[in-house]
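Have the structure open as you read.

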Amino acid sequence: MTDLRESVESVEQLAAVWRAMVLDRDANADVRDLPGIAVRWADCRFAFWNCVTLTDVGARAETVGQRLNQAADIMRSKKHPGFLWLFEDLLDDGARSALGSAAERAGLQDAFAGTGMAGDLLPIPEPAHPDLTFVRVTTDEQLRAYADINSRGYGFPLEHGRDGLVGSTLWKNEVYAYLGMRGDVPVACAGAVEAEGRLFVVLVATDPRWQRRGYGEAVTRKALYEGARATGLTRATLHATAAGAPVYPRIGFEPNSSIRFYGLKD
């Protein structure tokens, strides 16, 4: 059985990192910590920066139903859509069994699945890939390329990713954000940021035209390598989509809680 401490760590890492990310995007972003709910909502077009998550540990079905209704109401009050991130291991068995029907009643629909992961895996060897060179993101042009790779990788319009990232000082200065370059073409990207004594891996993506070549893994290793070298941290965390989940155990990550991502019903 999954160690619940790692599931708690996973949701706490989300709350900590997303607070910084959405406040970087908008100093007036909604970053409330309510009973059982953390709101991290920039209300921009980049849907990943619009986030609500449930924080109760061992929550029962009745409580989860109430939290889902409240979370859905918060989401409806916003201009731009986003996601409810639900860490399933934080629910008790009854709440997990009733989750589908409770989400339906709250007006939420399943969007996609993910997995929290962590590991005491740092430092790692300096990475290399025969096709790639690595460039740290320090300019607006590089950050736009990073945003565009994420938009293409996750199926968002290009302007949505740019709305979330372009102009950020955090991403150019505090995130160990790297592009994987094939010649002069950016094809993959990954970032790592310090969060409460860990390195949190964030916004890993590969341009769909260049997938299944190991580029995402290579650039993730680069972000971790440089982040660990700069900070001396030894533990890393991340949240993987189903598509990306097979990559990270090869680096040394171990899965903890499964994650459900919900959006509002149309």
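Strand 9 (residues 198–206) runs parallel to strand 10 (residues 236–241), and the two pair over 3 bridges; pairing takes at least two DSSP bridges between strands. Helices (H or I, at least four residues) and strands (E, at least two) are DSSP runs, numbered from the N terminus. This is a predicted model, where local features need pLDDT of at least 70, side-chain atom pairs count only at pLDDT 80 or more, and totals for chains, interfaces and linings use all residues. Residues are numbered from 1 along each chain as its sequence is written, and side-chain values use heavy atoms, with hydrogens and water left out.

**Sheet**
- Leu199 has Ala236 of strand 10 as its bridge partner.
- Zooming out, there's an open, mixed sheet of 11 strands, ordered 1-2-3-4-11-5-10-9-8-7-6.
- Strand 1 (33–34) and strand 6 (133–136) sit at the edges with a single partner strand each, so one side of each has no neighbour in the sheet.

**Helix 2 and helix 4**
- The axes (lines fitted to C-alpha atoms over the stretch in contact, with angles from 0 to 180 degrees between N-to-C directions) of helix 2 (residues 61–76) and helix 4 (residues 99–106) come within 9 Å and cross at roughly 35°.
- Contacts (heavy atoms within 4.5 Å) involve Val64 and Leu68, among others, in helix 2, and Leu99 and Ala102, among others, in helix 4.

**Thr206**
- Thr206 belongs to strand 9 and is buried, at 12% relative accessible area (buried means under 20%, exposed over 50%, partly exposed in between, with a 1.4 Å probe and protein chains only).
- Leaving out residues up to four places away in sequence, Thr206 touches residues including Ile149, Val187 and Tyr215.
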